[in-house]
Amino acid sequence: MLPEPDPQLCQALADDLRGAGYDSAALRDAWGAQADDAVARGLRRPAQRALGERTDALAVLGRLWGLGFAVDRADAETALPSLGVDGAVALGLVRAEGDEVTPAVLVRPQAFADDEGEVEWWIASDLDEAALEGPLPEDHVLGVGGASQTLARLQLTRRGGTALDLGTGCGIQALRLRRLVDHVVATDISERALRFTRVNALLNGVDGIETRLGSLFEPVAGETFDRVASNPPFVITPRVEGVPSYEYRDGGLEGDALVAAVITGVGENLAPGGVAQSLGNWEYRWGQTGLDRVRGWVGSEMDAWVIEREMLDPLAYAELWVRDGGTVPGTPAYAALIDAWLDDFARRGVTGVGFGYVLLRRPLAGAPTLARYERVAGGGEAAFGPHLAACLAAHDRAALMDDDDLASAVLKVAPDVTEARHHRPGEEDPSVIELRQGGGFARTIEVDPALAALVGACDGDLAVGVLVDAIAQLLEVDAVELRADVLPRVRELLVTGFVSFADA
């Protein structure tokens with residue numbers, strides 16, 4: 001078990017890391033861009049080779065806690081002038097035997113930027129499978145992985161008083177939420193994870209994070225929060241003997257029941273107007289799509305925006321998560337685990353597994369106004385949070401407008417929107433007109449000439465109704481009928497971010 005962190009020792013470590021210039025840019029420069037990308041894929045040797053025989057503090061700490069290699073004790077003492085090797089041992093970060101210091105955890109820099117500016121933290125977590133050179137233990141506490149970064153990119157930038165990080169792991173979401181709220185409660189079923197969270201808060205000088213041990217919403221029963229973030233252990237894992245159950249990814253329930261429990265339960269802990277954002281997997285079963293299952297979990301009391309990013313067939317899903325646990329393809333153990341997954345899926349009639357994002361909101365008053373369940377594949381590595389925030393604000397404003405109000409509104413096209421027209425050879429008129437979004441979720445939608453003309457004319461000058469009347473005259477169609485056809489689609493363009501209110 002990781003020891004309870006000592007604040008003074010954590011401060012000494014922070015001083016040493018800062019003194020060594022131990023940050024992500026410096027490490028990338030030290031071992032090169034190619035090796036840095038390899039580290040992200042679990043390949044350590046290129047970075048180790050690039051560091052060579054260097055014994056400066058950055059190289060020693062990068063070798064020890066960035067890559068997970070043992071270092072000479074004398075070099076470690078020099079690299080840690082304030083903490084010392086004994087202090088690192090007391091924090092549970094290394095083991096020292098004779099002249100060698102071996103890492104017990106990883107401590108890696110993590111840089112990001114938000115509306116508050118740029119920041120770089122040091123994040124301690126358990127040794128990964130590359131450093132262990134084998135499968136992970138079941139109580140493994142994951143560092144900042146791909147899912148963590150995805151959830152961080154999704155987070156709205158709105159401020160609040162309190163936040164809940166449900167299933168905090170190493171605490172990265174709690175640290176990010178703390179930049180937006182005064183107090184964060186971080187929960188987990190793993191005391192080891194909570195100790196990593198406390199280490200990381202102390203190491204980075206972040207106060208206002210309270211940790212609580214317990215499952216799901218039990219530690220916060222009766223409390224409400226302005227923000228909730230959760231990267232729950234959503235991986236669907238067979239509950240049979242011989243299949244490892246990793247705390248960081250497996251919720252201990254059958255199928256997608258853990259994700260269902262998060263979605264159905266979070267409303268009780270949301271303050272009016274409060275927003276919960278999470279990631280999840282959901283099963284497709286014979287006769288029912290994954291998004292329909294999620295819709296049933298949400299119910300009718302909450303605003304919901306659910307985006308499915310991808311769907312894997314049962315075999316591809318099994319292969320992904322068996323490899324994630326460190327079991328090597330081609331071995332008997334690998335084949336046995338694949339069989340266990342496929343048997344589990346077959347028993348429930350699972351035909352696929354979806355992955356995506358869930359945003360839920362408790363309405364301030366009245367009934368919900370937002371119920372979007374969609375599949376969106378684009379967007380790459382974009383920071384979706386500001387985009388989602390702007391889209392929600394536009395939806396909320398438009399939801400209070402009837403068609404006459406919307407016709408009186410002045411809109412402007414988003415600066416990242418472009419238009420593409422496709423013509424058949426020899427034809428003057430386009431057969432397909434597309435609007436393409438450069439930011440956000442990089443949506444592409446097909447539009448007709450009337451809507452294309454309206455979007456093109458939305459420059460923040462004339463009201464929508466005036467533009468529709470002019471387009472109707474130009475196309476020689478009935479203005480009333482065109483308005484009835486176009487206005488619902490204008491609402492969709494607002495909520496997807498193709499246009500916005502000119503005064504927003």
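Strand β6 (residues 160–166) runs parallel to strand β7 (residues 181–188), and six bridges join the two. Helices (H or I, at least four residues) and strands (E, at least two) are DSSP runs, numbered from the N terminus, and two strands pair if DSSP finds at least two bridges between them. Within this pair, Leu166 stands opposite Thr187 in β7. Between the two strands the chain passes through helix α10 (residues 172–178), and this β-α-β crossover is right-handed: with the strands pointing away from the viewer, the path from the first strand over the helix to the second runs clockwise. Strand β6 is also joined by four bridges to strand β9 (residues 225–230), again in parallel. There, Leu164 stands opposite Val228 in β9.

The model is a predicted one, in which local features need pLDDT of at least 70 and side-chain atom pairs count only at pLDDT 80 or more, while totals for chains, interfaces and linings use all residues. Residues are numbered from 1 along each chain as its sequence is written, and side-chain values use heavy atoms, with hydrogens and water left out.

Helix α10 contains Arg176. Is Arg176 buried or exposed? Arg176 is buried, at a relative accessible area of 14%; buried means under 20% relative accessible area, exposed over 50%, and partly exposed in between (1.4 Å probe, protein chains only). Neighbours within four places in sequence aside, Arg176 is in contact (heavy atoms within 4.5 Å) with Gln110, Phe112, Trp121 and Ala152.

Helix α5 (residues 57–67) is mostly covered, ten of its eleven residues being buried. Among them are Leu61, Arg63 and Trp65. After α5 comes Gly68, with a positive phi near 90°.

A nonpolar core is a set of buried Ala, Val, Leu, Ile, Met, Phe, Trp, Tyr and Cys residues joined through side-chain atoms within 4.5 Å. In the largest one, of 64 residues, Leu13, Leu17, Tyr22 and Trp65 touch the most other members. Helix α5 supplies the largest share of this core, seven residues. Apart from this core lies another, of 60 residues, including Leu166 and Phe441. Leu13, leaving aside neighbours within four places in sequence, is in contact with Trp65, Leu80, Leu83, Leu91, Leu93 and Leu203. In soluble globular proteins, nonpolar side chains tend to be buried together.

Another part of the fold is an open sheet of three strands, in the order β18-β14-β19, with antiparallel pairing. Its edge strands, β18 (459–463) and β19 (499–501), each pair on one side only. Neighbouring strands of the sheet are turned by 35° against each other on average, direction ignored. Axes are lines fitted to C-alpha atoms, for helices over the stretch in contact, and angles run from 0 to 180 degrees between N-to-C directions. Two bridges join strand β14 (residues 410–413) to β18, and Lys412 stands opposite Asp459 in β18. Helix α19 (residues 464–475) lies across β14 and β18, at about 75° to β18.

How many disulfides does the structure hold? There are zero disulfides, a disulfide being a pair of cysteine sulfur atoms within 2.5 Å. The cysteine sulfur closest to that of Cys10 is in Cys170, 14 Å away, so the two are too far apart for a bond. Cys10 counts as buried at 1% relative accessibility, and Cys170 is buried with a relative accessible area of 2%.
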